Amino acid sequence: MISFDSNLLLGYFQARNGTAVGGSVLGSTAGAKKAPTPPWSTLSKAPKVDEIVGNVLRGRKFVDEDLAKLDVKGASEDYKKLFAMHQALATLESLAKRADSKDTSTAELKRIQTAFDRGMAEVSAYIDAAKFEKLRLTHGDAADKAKMAVGVPKTSPRYVTAVLHEGSETDEVEAFKGDIRFQVSVKQPNNVTGVVDFDLSEMGSTPRTMANVVKYMNDKLAQTSYTTRFAVERTKGEDKTAQINGRTVTLAKGKDQFALKIQGDSTEKLTFSAPVTSPAVYVTQKAGDPNPDGKVSTDDGVFQQELLKFETGTTADAVRRPGDTNWVEGRVFGGALPESVKSVRTQVMGSDGFIYMLADVDGAIDGQEIKGSTDVALLKLDSAGNIVYTRTLGASENASGLALSVADDGRVAIAGSVTGGLDATDKFASASVSDSFVTVFNSKGEELWTERRGASAEDEATGVAFGADGSVHVLGRTRSAMPGAAGLGGWDNYLLTYSDAGTLRSTLQFGTAGEDKPAGLVVDGSSVVVASIEGGEINLRRFDMSDPFAPTLQATRNLGSLGGGNVAGIAIEGGNIILAGSTGPNLSVGTTTRAASGGVDAFALRVSAGLSAGASDAIAYYGGAGDDRATAMTIAGGKVWLTGTSKTDLPGMTEAVGKADGFIAELDLDTGAVGWSQRFTGQDKFGAPNSISVDMTGASALDRLGLPKGYVDYTDSQLVTSGTAARAGDQFQIRVRPGARPVTITIEANDTLDTLAQKVRRATGFQVRVDLPSDGERRMLQIRPQNSRQSLEILGGKGGRDALEALGLKEGFVRTTTFKDGKSVPADGGNPMYGLKLPRDLHLNSPEAIKAAIDRLTMATSTLRTAYRDLQAGLNPQSTAKKATGEAPAYLKAQIANYQAGLNRLLGG
């Protein structure tokens with residue numbers, strides 16, 4: 001088909017000579033209505049972006065309709081609004097590009113960031129308030145439904161183990177060989193509990209394949225009234241292929257993988273145990289080559305956080321699982337944690353046998369979106385490494401989790417630092433200066449309370465512990481005076497005490513005039529012992545908390561210089577304080593039960609909880625001839641368990657297994673003897689352990705089957721604030737009619753998806769349809785118009801209380817569409833809808849954020865230009881006459897040749 005309009009040549013000629021008028025240069029016809037010249041046209045007399053940038057940096061408005069002059073009388077005011085908005089977005093984009101320039105100084109960048117934040121707020125407010133005659137505009141996009149991208153977990157009586165076998169279903173499984181005995185207790189709704197014993201030796205000579213073992217277990221269960229059964233979970237192997245001469249060729253046949261699956265019943269509570277157990281050690285590590293290309297100038301390291309489980313003791317017989325590329329003796333499993341986990345701060349073994357882990361994340365985790373750039377995640381895992389639940393803090397900017405404690409009654413406390421909004425009361429929270437926070441959850445992982453506490457300068461909480469009366473003690477550091485205390489200079493330590501309900505009882509600020517660093521705390525009856533590093537030396541302080549409103553200093557003790565080392569942890573055991581870390585010089589603490597080896601060594605020491613010197617004081621060192629550093633410690637079975645890093649020899653382990661190894665060592669402070677120990681590595685042969693926990697009965701034959709020790713909890717909290725990053729007080733809005741005031745939906749602490757759905761229905765006068773679809777694992781909120789004649793708009797919450805991102809909902813229009821004149825148009829018969837897809841929280845606080853802002857602003861300005869073109873096209877509807885197709889006649893070919901010759905002359909050949 002050939003279609004050529006002579007006006008194209010005329011328009012081109014006019015553009016070259018500056019004789020075009022209005023905004024319609026190409027495609028204009030005699031007598032056609034004109035649209036105003038847009039500010040992006042070379043013919044526009046509107047102020048240039050560089051001029052506007054200079055003005056906004058001096059404090060002037062970003063959105064100024066007075067600058068959007070229309071050069072066509074009687075033109076719709078819609079043009080003025082579009083042009084004013086376009087100039088504002090172009091200005092923001094220009095600021096972002098200046099922030100992205102290497103020539104921009106630190107001082108200028110700060111000015112740009114401040115102006116950009118002000119401009120984003122101004123643009124957002126203008127978009128929300130602007131009313132158009134011939135179009136509809138939204139921050140977000142237009143879709144046929146608003147559906148949560150995340151969801152609240154369903155109650156699903158199903159459990160799948162890790163991969164236990166790779167190959168054929170008829171193969172004998174290596175992990176099933178040997179003495180495999182365990183039992184399952186089943187508690188029914190009437191509280192009657194029965195026990196089923198399993199011993200694979202009862203299979204006799206029957207091969208222990210996946211199918212045969214499952215049949216054996218199900219035959220045993222069939223002799224009871226229980227409905228729980230086992231099954232084989234098979235994952236078909238993916239073939240390895242390559243493109244050769246444009247054809248896909250299979251290089252190797254992928255092996256099928258097999259796991260066990262529990263097909264349970266929500267009314268039956270299962271608890272697994274084994275007659276023979278040994279200690280289990282859980283370690284997390286940062287793994288990956290920090291410099292794969294060997295160039296110091298590049299930052300190309302790719303890392304992942306890994307969870308490892310080791311079986312210790314004389315009964316240890318761990319078998320290597322499929323895909324475990326860095327297996328060493330005693331290793332039960334090792335695998336990557338979710339990709340968004342960027343650091344694991346600490347882990348604690350709960351009295352219930354579950355592992356509680358505190359991590360920093362930079363993206364969605366376990367089906368939960370985060371609000372800001374980084375957030376804190378609390379993970380509960382079973383002994384098989386499966387995640388039981390995940391709880392995100394819900395920070396609007398950045399947060400770091402630095403401390404974790406688990407009480408005997410199942411309550412969990414986390415603490416750390418946060419910037420930007422956290423709760424609905426944080427209206428004036430700084431996006432750049434950190435405050436301290438502490439959050440307490442009940443045994444179900446439901447938030448009980450959160451308290452934010454901050455000085456005028458930055459501060460952070462680094463330690464947390466429960467008192468016997470349910471109180472919560474928080475240790476941290478601050479650069480200025482905490483409210484109710486006085487500063488000493490530099491970084492100071494602080495100790496806050498809260499009641500079990502979260503009421504602040506006292507604030508202590510202590511340290512020196514120099515740079516102090518808290519190193520941990522423990523609770524000893526009605527006293528709290530804190531450790532800190534001051535002037536490079538370890539100092540202990542014991543505070544009497546008998547009167548929680550007026551703590552008093554009981555005793556102090558200096559343990560000497562670390563020589564540039566570190567404190568890896570502190571604990572209390574049998575009336576003594578146990579402290580571990582790394583040091584170069586020898587510390588003068590009681591009896592040395594194991595001598596230092598040279599360089600930097602790991603150490604563990606013991607002093608009386610009263611801090612007075614005594615005969616039981618002791619210290620033991622661990623390491624080889626090089627530098628060995630402890631990064632985490634725990635106490636279990638009366639022994640100190642250390643993990644850390646080493647690049648050289650270690651006691652009993654002279655050879656490294658990777659380029660950078662981690663180690664675990666069980667240390668007896670009484671004798672200095674090293675019990676079980678192992679070294680290991682990670683991805684790319686680099687491992688750097690960062691947390692450790694020990695369960696003295698956590699390893700057994702259950703590990704061979706991938707089954708967890710203890711009870712299998714199929715249920716999870718149904719609260720919206722537990723299943724998502726949304727916090728109580730977060731809001732979103734719904735506008736059910738164009739021009740109407742939006743209604744506000746506020747999430748409360750006890751909201752489930754069912755109560756939230758009913759809240760939406762009632763707030764909108766039952767003018768919207770709200771459903772709760774499921775993907776099989778989670779339930780989601782879905783909002784749609786009641787019928788095709790209606791549309792609605794989803795808007796974010798105000799004042800830093802926006803719930804949309806945490807819920808996985810997007811701003812924008814929700815409507816059905818129909819076809820008219822070959823185009824998709826809103827079925828409600830209203831004006832066309834345009835979505836800017838412009839997040840409200842764009843910032844310039846990092847290189848990644850700057851690039852994201854540039855991309856989003858470019859897309860938004862493109863949408864505004866599309867709206868302008870559509871408005872312009874509405875002035876001059878295209879002819880519906882049938883277009884000519886097929887071979888062009890000779891006279892038209894000659895005419896086209898003449899036009900081409902004219903273009904050549906205009907272009908100078």
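## The largest cavity

In this predicted model, the largest cavity is lined by Arg391, Thr392, Leu393, Phe441, Gly445, Glu446, Glu447, Thr721, Ser722, Thr724, Ala726 and Arg727. Two elements, β20 (387-392) and α7 (720-723), each give two or more residues to that lining.

As for volume, the largest cavity comes to about 70 Å³. The count of cavities of 30 Å³ or more is four.

## The chain as a whole

Zooming out, there are 909 residues in the chain, and 50% of them are buried. Along the principal axes, the C-alpha atoms fill a box of roughly 105 × 75 × 60 Å.

## Salt bridges

Side chains of opposite charge can pair when their charged atoms come close. Across the whole structure, a search turns up 46 salt bridges. Take aspartate 128 and arginine 840, whose side chains meet at 2.9 Å, N to O. This pair links distant parts of the chain: aspartate 128 sits in helix α4 (residues 106-129), while arginine 840 is in the loop between β53 (833-835) and α10 (847-875), 712 residues apart. Aspartate 128 is partly exposed at 22% relative accessibility, and arginine 840 is partly exposed at 23%.

Arginine 452 and aspartate 435 also form a salt bridge, at 3.0 Å, N to O. Arginine 452 belongs to strand β24 (residues 447-453) and aspartate 435 to strand β23 (residues 435-441), so the pair ties together parts that are 17 residues apart in sequence. Both arginine 452 and aspartate 435 are buried. There's a network too: salt bridges with shared partners join Asp128, Lys798, Glu811 and Arg840.

## Around strand β11

Ile244, Val249 and Leu251 make a nonpolar surface patch of about 250 Å². Valine 249 is in strand β11 (residues 247-252). With a relative accessible area of 32%, valine 249 is partly exposed, so it clears the over 30% cut-off for patch residues.

Lysine 253 pairs with aspartate 239 in a salt bridge, their closest N and O atoms being 3.6 Å apart. Lysine 253 is in the loop between β11 and β12 (256-263), and aspartate 239 is in the loop between β9 (229-235) and β10 (240-244). Lysine 253 is exposed at 66% relative accessible area, whereas aspartate 239 is partly exposed at 31%.

## Arginine 541

Arginine 541 lies in strand β31 (residues 537-544). Its relative accessibility is 12%, so arginine 541 counts as buried. Arginine 541 and threonine 512 are 13 Å apart, C-alpha to C-alpha, and 29 residues apart in sequence.

Definitions and conventions. Residues are numbered from 1 along each chain as its sequence is written. This is a predicted model: local features need pLDDT of at least 70, side-chain atom pairs count only at pLDDT 80 or more; totals for chains, interfaces and linings use all residues. Side-chain values use heavy atoms; hydrogens and water are left out. Patches are made of residues with over 30% relative accessible area and no salt bridge: like charges are joined within 9 Å, nonpolar side chains (Val, Leu, Ile, Met, Phe, Trp, Tyr) within 5 Å. Accessible areas come from the Shrake-Rupley method with a 1.4 Å probe; for residues, only the protein chains shown count as cover. A salt bridge is a side-chain nitrogen of Lys or Arg within 4 Å of a carboxyl oxygen of Asp or Glu. Helices (H or I, at least four residues) and strands (E, at least two) are DSSP runs, numbered from the N terminus. Buried means under 20% relative accessible area, exposed over 50%, partly exposed in between (1.4 Å probe, protein chains only). On a 1 Å grid over the protein atoms alone, a cavity is a set of points where a 1.4 Å probe fits but cannot get out, and a pocket is an open set with protein on both sides within 12 Å along at least five of seven lines; lining residues have an atom within 4 Å of a point. Grid points are joined across faces, edges and corners, and a volume is the space filled by probe spheres set on the points.
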